[in-house]
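Please open the model in a viewer and keep the selection tool ready.

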Amino acid sequence: MTNHVPADDSLSDQELFEQVILFYRERLKDYAPAQVYLQERGLTDPELIDSFEIGFADRALSRALPKPQLVAGNRLRGRLQQLGIYRPTGHGHFNGCITVPIRALDGQVADLYGRKICRHLLRRTERHMSLPAERRGVLGASALQATDEVILCGSVVDALTFWSAGLRNVTASYGVDGLTDEHLEALKTF
């Protein structure tokens with residue numbers, strides 16, 4: 001078990017999200033196919049990876065938690081399921097995904113974006129994922145406050161590509177029809 005995955009459920013939901021995000025960030029360092037995917041997309045700048053807290057979700061989280069037969073393990077998995085990190089089946093919702101936390105304007109984790117990196121997916125498998133709850137948060141909201149021009153992309157990966165090219169005043173909606181009230185509020189602040 002790593003230091004980033006709690007062994008009990010005494011943490012708040014936000015603290016638990018932060019621990020999972022840290023765990024995924026550590027996994028990215030150890031998973032070569034995820035690094036290759038980022039390299040192919042031109043997303044290898046360490047500043048980008050740190051700024052957007054990019055990680056990778058593999059099955060290691062399940063192995064790092066207390067066993068599900070233990071009360072603490074069962075309880076923790078239940079909380080992760082409530083947050084949307086786990087599915088009702090007990091599997092990780094973001095397994096096989098590059099992950100990027102999406103934060104609310106106050107800095108709290110509001111959503112988690114996942115991009116499947118496997119080239120051969122089963123039919124009906126989503127490539128782009130987020131938490132099952134209502135979509136919230138604004139990618140790179142803090143950078144939007146320091147500019148009078150914003151690049152709005154339809155996907156997180158596209159926004160990261162612009163950022164890597166030096167265009168730091170970029171954000172992403174949740175697809176072409178995914179501009180939320182929270183996006184509009186962030187855009188009004190500059």
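**A tour of the salt bridges**

Select Arg103 to begin: at a relative accessibility of 18%, this residue counts as buried (buried means under 20% relative accessible area, exposed over 50%, partly exposed in between, with a 1.4 Å probe and protein chains only). The model is predicted: local features need a pLDDT of at least 70, side-chain atom pairs count only at pLDDT 80 or more, and totals for chains, interfaces and linings use all residues. Residues are numbered from 1 along each chain as its sequence is written, and side-chain values use heavy atoms, with hydrogens and water left out.

Glu18 lies in helix 1 (residues 13-30) and Arg103 in strand 2 (residues 97-103), so the pair ties together parts that are 85 residues apart in sequence. Helices (H or I, at least four residues) and strands (E, at least two) are DSSP runs, numbered from the N terminus. Glu18 is partly exposed, at 25%.

Next, select Arg27 and Asp58, which form a salt bridge with their closest N and O atoms 2.8 Å apart. Arg27 belongs to helix 1 and Asp58 to the loop between strand 1 and helix 4 (60-64), so this pair joins parts 31 residues apart in sequence. Asp58 is buried, at 13%.

Finally, select Lys29 and Glu26, another salt bridge (3.2 Å, N to O).

Note on methods. Salt bridge = Lys/Arg side-chain N within 4 Å of Asp/Glu carboxyl O.
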